[in-house]
Amino acid sequence: MKTEKEKMITGEYYLAGDPVLVKERRKAKNLLHRLNVTEYRLTKKAKEILKELIPNTGKSLYIEPPFHCDYGYNIICGDNVYFNVNCVVLDCAPVKIGSNVFFAPNVQIYTATHPLDAELRKTLENALPISIGDDCWIGGNAVICPGVSIGNGCVIGAGSVVTKDIPDNSLAVGNPAKVIKKLNQ
């Protein structure tokens, strides 16, 4: 039988109030408090906090506080990833971020989702993974919805809501985000 954590990571319905998950979210919140309040600047201590919070990263993860996430361990980053202020990553499922990816202020990345059935929604939730390729720029206040893949070399315009996959080398804007131009062609 799968644990609630295993169900969460694999996209099945799970109980968010499971004691293991509650404990892991609390650990992340304590680390985030230290990062966002105590350290606030990217000091040596802040880098140590980030390593503990988000252990699956390449070289040069840079985060401008405040930053928020659910667990941290489901965020997998390549090299040279930058989060500007007020970014939120609800990482109940894996969030895979390539190398050379830049997030403008207030970007929201949501793997968490909920059943449409009201009765199920009272107790269960689920999450779908998100993938962002190499060499992407995600504009300010963009929202990336559960289950979305963004290809390599993409630009997502400010304020866009990405509800569907975006192919490589695309400029996508709007709500819902639509490809309006192919890049590097």
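**From one cysteine to the whole chain**

Modeller: Let us begin with C69, which counts as buried because its relative accessibility is 1%, and a residue is called buried when that value is under 20%. Please keep in mind throughout that this is a predicted model.

Biologist: Where in the chain does C69 lie, and which residues does C69 touch?

Modeller: C69 belongs to strand 3, which covers residues 67-69. Leaving aside residues up to four places away in sequence, C69 touches K29, L32, L53, I75, V89 and D91.

Biologist: What separation is there between the C-alpha atoms of C69 and C87?

Modeller: Those two C-alpha atoms are separated by 8.6 Å, with C69 and C87 standing 18 residues apart along the chain.

Biologist: How should I read the pairing of strands, and in what order do the strands of the open sheet run?

Modeller: In general, strands of a sheet pair through backbone hydrogen bonds, and the pairing is either parallel or antiparallel. Here seven strands form an open sheet in the order 2-5-8-13-16-18-19, and the pairing is mixed. The edge strands, each pairing on one side only, are strand 2 (61-63) and strand 19 (178-182). Within this sheet order, strand 13 (residues 137-138) and strand 16 (residues 155-156) pair in the parallel sense over two bridges, and W137 has V155 of strand 16 as its bridge partner.

Biologist: If I now step back to the protein chain as a whole, how many helices and strands does it have, and how compact is it?

Modeller: The protein chain has four helices and 19 strands. Its radius of gyration is 16 Å, close to the 16 Å that the globule rule gives for 185 residues, so the chain is as compact as a globular protein of that length. Taken along the principal axes, its C-alpha atoms fill a box of roughly 50 × 45 × 25 Å.

Biologist: And what share of the residues counts as buried?

Modeller: Of the 185 residues, 46% count as buried, and C69, with which we began, is one that counts as buried. As for contacts with a separation of 6 or more, 27% are accounted for by residues 24 or more positions apart.

How values were computed: Residues numbered from 1 in each chain as written. Predicted model: local features only at pLDDT ≥ 70, side-chain atom pairs only at ≥ 80, totals over all residues. Heavy atoms only, no water. Buried < 20%, exposed > 50% of the residue type's maximum accessible area, 1.4 Å probe, protein only. Contact = heavy atoms within 4.5 Å. Pairing = 2+ DSSP bridges. Rg over C-alpha atoms; globule rule 2.2 N^0.38 Å.
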